Amino acid sequence: MKYTTEELQEISKEVRKDIIEMILKAGYGHPAGSLGMVDVLVTLYYVILLHDPKKPDWEDRDRLVLSNGHICPARYAVMAHRGYFEHKELFKIGKFGSILQGHPDKRFLKSLETTSGPLGSGLSQACGVAYGARMDKKRFRTFVICSDGEHNEGNHWEAVMFAGKNNLSNLTLIVDRNNIQIDGHTEDIMPLEPLLDKYKSFGWSVIDIDGHNFDEIVSACSKARSIFENPTVIIAHTIPGMGVDFMENNPNWHAKAPNDIEAKKAIMEIRTMGGKVTPYGE
Ligand SMILES: Cc1ncc(C[n+]2csc(CCOP(=O)(O)OP(=O)(O)O)c2C)c(N)n1
Ligand SMILES: [Mg+2]
């Protein structure tokens, strides 16, 4: 099934509303990064990934590793909309015995590829999956999402070297370049720029996109599928807290639950969102 930009936009709004309600209910969570990556995750699950929510262990499915596990409310909400589990499960996030742990735990939710939360390890894991796929002559693609803050972890750069050295062309990394991390703005804490040049120098293909433009997300992922020489990194520029004015670009909302009044205000703003994306694929 093909989705129009308007449909993807509507799904994204619903997902953003769910994220606010989930974090409100849990009393804990990471709204900024979660809201910022909604458009990328919706595009992956609705347009890009070869997968089947009814057969989550299908051998030939594309793999999606979420390295920055703290933005799991966004992934969970998209998975629920896509039919991986019942929507009402979302509001049990972080509760004892819930399939949706506060950080993604594969023991509780089998349709995840990995357990994540310790930053910096997702790319190494995804490299292993992609390398194994090549050895087994499997055609699926491994996608991995990581944050900009994770680039402070040495482990991440070891994996960047490994993927470059082994020309892992079946691997696509999407970086949430939202410019914030736990203690402030990335360029104040530990500057990452010139990030594209760094990846290039490690032997990667690089694509720079607006992470809220469905058209750009789709064409970057499609282009990555057609690159056979080396791994691809898509630097997705996103707005942390996207859709909620008082959360946008504000590191204070990295890990903070809204109270009742803030949540109501946030949902009202999300409802009126629109016009920030360009048309996709007619
Ligand atoms: C190895 C490790 N160290 C520290 C943390 C605590 N931590 C959780 S999120 C975070 C900030 C990372 O920056 P980023 O992912 O860019 O934040 P966001 O953009 O989502 O607000 C930190 C330090 C962690 N989860 N894992
Ligand atoms: Mg960040």
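Q: How many of the 11 residues of helix 4 are buried?
A: The model is a predicted one, and helix 4 spans residues 72-82. Its buried residues are Cys72, Pro73, Ala74, Arg75, Tyr76, Ala77, Val78, Met79 and Ala80. Helix 4 is therefore largely enclosed by the rest of the structure, and its buried residues number nine of the 11.

Q: Which elements are included in what covers the buried residues of helix 4?
A: The cover includes one strand and several helices. The strand is strand 1 (63-66). The helices are helix 1 (5-26), helix 2 (31-36) and helix 3 (38-48).

Q: With which residues is alanine 74 in contact, leaving aside its neighbours within four places in sequence?
A: Alanine 74 is one of the buried residues of helix 4. Alanine 74 is also listed among the residues with the most contacts inside the largest nonpolar core, together with Leu41, Val42, Ala77 and Ile234. Beyond its sequence neighbours, alanine 74 is in contact with Val15, Ile19, Ser34, Met37, Val38 and Leu41.

Q: Which residue just after helix 4 takes a positive phi?
A: Helix 4 covers residues 72-82. The residue just after helix 4 has a phi of about 100°. That residue is glycine 83.

Q: What is the radius of gyration of the protein chain?
A: The chain contains 10 helices and seven strands. For its 282 residues the globule rule gives 19 Å, and the computed value is close to that, so the chain is as compact as a globular protein of that length. The radius of gyration is 18 Å.

Q: What share of the contacts with a separation of 6 or more joins residues 24 or more positions apart?
A: The C-alpha atoms of the chain fill a box of roughly 50 × 45 × 45 Å along the principal axes, and buried residues make up 48% of the 282 residues. Among contacts with a separation of 6 or more, the share from residues 24 or more positions apart is 76%.

Q: Are helix 5 and helix 6 roughly parallel or roughly antiparallel?
A: Helix 5 (residues 122-135) and helix 6 (residues 154-165) have axes 8 Å apart and pack at an angle of about 25°. Leu123, Ser124 and Cys127 of helix 5 make the contact with residues of helix 6 that include Asn155, His156 and Phe162. Angles under 35 degrees count as roughly parallel. Helix 5 and helix 6 are therefore roughly parallel.

Q: Is helix 1 roughly parallel or roughly antiparallel to helix 10?
A: The axes of helix 1 and helix 10 (residues 260-271) are 9 Å apart, and the packing angle is about 175°. Residues making the contact include Ile20 and Leu24 of helix 1 and Ala263 and Ile267 of helix 10. Since angles over 145 degrees form a class of their own, the relation of helix 1 to helix 10 is roughly antiparallel.

Q: Is the crossing of helix 3 and helix 9 left-handed or right-handed?
A: The axes of helix 3 and helix 9 (residues 214-225) come within 10 Å and cross at roughly 55°. That angle makes helix 3 oblique to helix 9. Asp39, Val40, Thr43, Val47 and Ile48 in helix 3 meet Phe214, Ile217, Val218 and Cys221 in helix 9. The crossing is right-handed.

Q: Is lysine 137 exposed or buried?
A: Lysine 137 is placed in the loop between helix 5 and strand 2 (142-147). Its phi is near 55°, a positive value in a residue other than glycine. With 6 C-beta neighbours inside 10 Å, lysine 137 counts as exposed.

Q: Is asparagine 167 exposed or partly exposed?
A: Asparagine 167 lies in the loop between helix 6 and strand 3 (171-177). Its phi is positive, near 45°. Asparagine 167 has 15 C-beta neighbours inside 10 Å and so counts as partly exposed.

Q: Is the peptide bond from glutamate 193 to proline 194 cis or trans?
A: Proline 194 lies in the loop between helix 7 (186-189) and helix 8 (195-201). The omega of the bond from glutamate 193 is near 0°. The bond is cis.

Note on methods: Residues are numbered from 1 along each chain as its sequence is written. Chains are lettered from A and ligands numbered from 1 in the order in which they are written. This is a predicted model: local features need pLDDT of at least 70, side-chain atom pairs count only at pLDDT 80 or more; totals for chains, interfaces and linings use all residues. Helices (H or I, at least four residues) and strands (E, at least two) are DSSP runs, numbered from the N terminus. The radius of gyration is taken over C-alpha atoms; the globule rule is 2.2 Å times the number of residues to the power 0.38. A residue is buried if 20 or more other C-beta atoms lie within 10 Å of its own, exposed if 12 or fewer, and partly exposed in between; C-beta atoms are placed from the backbone. Two residues are in contact if their C-beta atoms, placed from the backbone, lie within 7 Å. A nonpolar core is a set of buried Ala, Val, Leu, Ile, Met, Phe, Trp, Tyr and Cys residues joined through C-beta atoms within 7 Å. Axes are lines fitted to C-alpha atoms, for helices over the stretch in contact, and angles run from 0 to 180 degrees between N-to-C directions. Angles under 35 degrees count as roughly parallel, over 145 as roughly antiparallel, 65 to 115 as roughly perpendicular and the rest as oblique. A crossing is left-handed if the near helix is turned anticlockwise from the far one by less than a right angle, and right-handed if clockwise.
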